[in-house]
Amino acid sequence: MIDPQVLERHGLKRDEYDRIVTCLGREPNLTELGIFSVMWSEHCSYKSSRVHLKTLPTEGPQVLQGPGENAGAVDIGGGLAAIFKIESHNHPSFIEPYQGAATGVGGIIRDIFTMGARPIALLNSLRFGSLDAPGTRRVLEGVVAGIAGYGNSIGIPTVGGEIVFEPCYAGNPLVNVFCLGIAPAADIIKGVASGVGNAVYYVGAKTGRDGIHGATMASAEFDDQSAEKRPAVQVGDPFMEKLLLEACLEVMKSDALIGIQDMGAAGLTCSTSEMGSRGGAGVEIDVALVPQRETGMTPYEIMLSESQERMLLVVKRGRESEVERIFDKWDLHAVRIGEVTADGRLRVKDRGTTVADIPNRALTDEAPLYRRPMSEPEYLKDARKLDVGALAPAPSPRLRDANAVLVRLLASPTIATKRWAYRQYDHMVRTNTINLPGLGAGVVRVKGTERALAMSVDGNGRYCYLDPRRGAMLAVAEAARNVACAGARPLGATNCLNFGNPERPAIMWQFAQAVEGIGAACRALGVPITGGNVSLYNETDGNAIYPTPVIGVVGLLEHADRVISGRFKESGDVVVLLGDGRGELGGSEYLKLVYDQVRGLPPALDLDRERAIERLVVELAEARLIRSADDCSDGGIAVTVAECCFDSGGMGVEISIDTTEISSDQPLNDAAALFGESASRVVLSVAAGNITRVLELAAAAGVPARVIGQTGGNRLRIATGGRMTIDMATDDAERAWSASIDSYFAKKIA
Amino acid sequence: MTFSVIVFPGSNCDEDAYHAAKDVLGEHAEYVWHKDTDLKGADVVILPGGFAHGDYLRTGAMARFSPIMREVQAFADRGGPVLGICNGFQILLEAGLLPGAMLRNRGLKFRCEQVHLRVEQIDTPFTSACRKGQVLQLPIAHGDGNYFAEPDVIARLEQNRQVIFRYTNAAGEVTDDANPNGSAAAIAGLCNEARNVVGLMPHPERACESILGSADGLLIFESAVQSVKSGALVARA
């Protein structure tokens with residue numbers, strides 16, 4: 001009865017089907033096939049990625065919860081835990097940008113409060129095609145409005161993030177959302193079902209036919225038929241989620257719960273089987289008891305629906321009425337749909353008749369695991385070649401002047417201010433936000449303590465395209481450095497791995513290389529991975545995105561009032577550069593803008609140096625010796641120093657940078673010195689009275705530190721090799737940077 | 001004295017108002033659930049920001065029917081000071097405690113940012129600690145803050161000095177650029193004829209500590225404290 005077309009529709013391979021038959025000892029019925037197909041989809045089973053993910057560092061004295069639960073947790077002192085995770089909602093956001101992004105936010109928030117934590121901050125990392133390409137603005141507007149619509153309604157501030165524009169994301173935008181919550185470390189709640197006879201409750205929105213096979217869709221490539229998959233995208237209801245959030249947190253305080261899990265990807269199927277599997281128990285439910293918003297739904301549809309804002313709870317025996325009362329207060333009705341059993345099976349009934357009966361472990365731990373073939377992609381042989389010394393003069397005569405290049409870089413949508421987006425996000429609700437979006441890491445204080453948490457999400461697809469291992473290391477380093485530049489000690493990380501089709505050896509190689517790089521950098525920088533998400537099959541018509549691991553890092557400030565940002569504060573302060581500029585232009589924004597090329601090797605990264613710099617910046621901030629710290633990345637030191645001047649009413653700066661290449665003693669050309677993107681560099685501003693102490697501490701830490709100039713005046717002046725190469729009014733530079741994205745929306749859309 | 005903060009399902013600035021009253025000002029604060037029928041000894045009632053009942057129909061349209069609103073109405077009728085912030089302002093409009101209505105922002109997008117507003121009148125329980133003409137910096141965060149009323153209503157509001165706050169630039173000048181949402185007459189906040197009910201779109205509770213970027217919002221809360229403690233509620237004058 002299960003013919004090849006049925007298998008194909010379910011995204012199952014023949015050998016996977018045979019494995020199902022072995023697990024069951026018989027042919028599955030259609031409901032069971034549907035259940036296997038979602039649980040064994042790439043999205044739920046991580047079947048291609050798991051062997052690699054196992055190599056990541058996940059432990060450390062600060063880690064309270066590593067991967068495997070709804071979210072990870074680190075100890076932030078005072079008996080509190082920071083609980084956080086990043087997740088992708090790429091595929092739904094391409095098909096239906098507003099709802100795709102909105103439900104992505106809803107999903108990650110549920111992951112956090114499911115652990116017993118009050119969510120207090122959101123970040124997002126977004127990637128789109130070129131801003132001037134047809135369709136990009138529509139997707140961007142929809143995604144940003146969807147994030148805003150959900151996050152603002154539920155009242156969790158969006159405190160930062162990144163937006164990158166690159167043609168490779170035109171058919172596969174990336175929407176990665178991060179949420180962080182706070183809970184007493186002793187009260188973390190897990191997604192387990194245990195205790196035979198304990199009641200299994202369903203609470204939240206009713207189940208509809210939306211999102212059926214969403215997990216399977218997220219595990220396939222796109223083609224020109226993809227728009228027809230719109231019914232597989234769910235619709236979000238942030239008000240329902242707000243009620244669930246408050247009611248669940250109230251129930252959790254009561255100690256009446258055994259476990260709880262949200263119904264995200266693969267809905268009721270995933271939550272029942274995973275909770276049972278984790279608790280070493282079975283779960284039996286009757287789908288006829290599940291609240292439904294449509295009539296005539298089959299057990300197959302009910303089990304596979306991905307309707308949003310639903311939770312599954314296992315309640316201690318005898319405490320049922322207490323739990324029901326709390327949900328009633330919030331006008332939510334908790335419905336008992338089944339109970340925990342001893343036999344380790346997921347048993348689904350429909351009005352008493354068994355319609356599916358599967359060992360939980362077959363769906364979870366025993367899902368297929370692939371060690372897919374890998375090979376280094378062909379394109380790299382050519383793409384890695386770059387001789388900066390041999391670069392011809394800029395093709396456009398206008399871009400041979402450094403001032404003009406700087407203005408163009410500042411206006412490049414990836415570098416320009418994203419105020420257009422973040423002012424649509426409520427970034428201040430909950431009155432904890434002490435570093436606003438656009439200033440580097442987002443920082444929230446932790447009320448009732450002296451502490452604050454800094455967080456940043458970063459990635460660089462271009463670097464990873466040219467060298468996935470190094471590019472992934474650079475992403476970890478940048479996220480950790482951004483957190484350190486707020487004065488926070490990095491504590492832990494979460495990763496969102498966005499790649500193409502893993503069945504292609506070149507993609508699988510990129511993936512494996514990137515995971516290796518993440519592991520190496522996380523180990524060296526002391527930020528274990530506590531969880532995350534993998535999104536594969538980001539391809540349209542056979543064209544994959546750049547390999548794009550996005551890393552979220554969370555760090556701790558012992559004293560919230562010692563937070564710093566990247567912006568210069570006072571005229572007359574000394575500007576210091578930590579780290580060395582080596583004029584590296586591989587994969588840079590400059591090379592893309594001026595030569596329209598993505599080539600070369602990404603900047604080198606010395607992890608010992610990186611760690612030393614991060615520690616030094618945290619130490620300096622903690623001792624109140626610096627007024628600002630800004631990570632030097634996209635667009636190099638010229639862009640960084642310009643941005644340090646912005647939002648300050650036009651304050652200027654005059655700096656002079658050395659152009660002697662450190663290793664070879666050769667002179668760098670001006671462009672490499674100004675716009676090269678060498679890693680592990682931080683620009684500080686320091687009150688004149690503290691400069692001696694800052695330089696002493698840098699020397700003690702083995703970190704190169706150079707005084708490169710002074711703030712003041714109203715012009716941005718940068719000399720390279722003793723000649724003034726940049727000289728413009730700060731206001732003019734700031735205008736290019738602040739007006740850019742709005743100007744794209746002012747244009748008529750072609 | 002007691003600040004009672006009404007909690008509707010979907011309120012999300014309730015904890016912020018509570019925190020400002022209790023932890024920053026050191027006064028007593030109570031949460032009052034929307035199904036309750038008792039204001040828990042309120043000296044001041046705050047309707048906080050958020051999206052009461054999801055605001056899927058029209059902002060504030062459902063919240064006005066919550067049981068507690070009868071008590072809020074009666075409290076206001078007795079001259080008790082009531083402050084509606086953002087969604088709370090929208091609810092006061094829907095409940096008829098203040099005149100006018102809110103439209104979608106003229107840019108059609110949600111806006112969250114710091115704005116400046118000028119204190120137009122100081123004879124209300126929420127502005128008595130301000131100077132007339134003082135420019136405050138407070139954040140806004142709304143999608144439907146474009147205040148609208150018929151011209152004759154606006155004229156009456158002006159004549160009765162019921163416009164309490166106007167959007168201005170940092171120098172205190174009303175300009176089109178400084179109006180973040182297109183509000184008629186740049187109105188950011190209003191009071192009723194009796195002057196004891198005040199609604200405003202900006203969030204004073206988000207600007208009560210300098211670490212948050214502005215402490216100007218404290219003036220609004222301190223005004224309420226002074227008004228209650230001095231027994232000189234302007235509304236009864």
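Visitor: What makes the seven strands of chain A an open sheet, and in which order do they run?

Guide: The order is β23-β25-β22-β26-β24-β27-β28, with mixed pairing. Strands here are DSSP runs of E, at least two residues long, while helices are runs of H or I with at least four, both numbered from the N terminus. Two strands pair if DSSP finds at least two bridges between them. At the edges stand β23 (628-631) and β28 (723-729) of chain A, each with a single partner strand, so one side of each has no neighbour in the sheet. By the way, this is a predicted model: local features need pLDDT of at least 70 and side-chain atom pairs 80 or more, while totals for chains, interfaces and linings use all residues. Residues count from 1 along each chain as written, and chains are lettered from A, ligands numbered from 1, in written order.

Visitor: How do you know that β22 and β26 of chain A pair?

Guide: Pairing takes at least two bridges, and β22 (residues 574-578) and β26 (residues 705-711) of chain A share five, in the antiparallel sense. So they count as paired. In one of these bridges, Leu577(A) partners Arg706(A) of β26(A).

Visitor: Why are 22 residues of chain A said to be in contact with chain B?

Guide: Contact means that C-beta atoms, placed from the backbone, lie within 7 Å. The 22 residues of chain A are in contact with 22 of chain B. On chain A's side, α8 (136-154) and α10 (238-253) each supply at least two residues, and α8(A) gives the largest share, four.

Methods:
Two residues are in contact if their C-beta atoms, placed from the backbone, lie within 7 Å.
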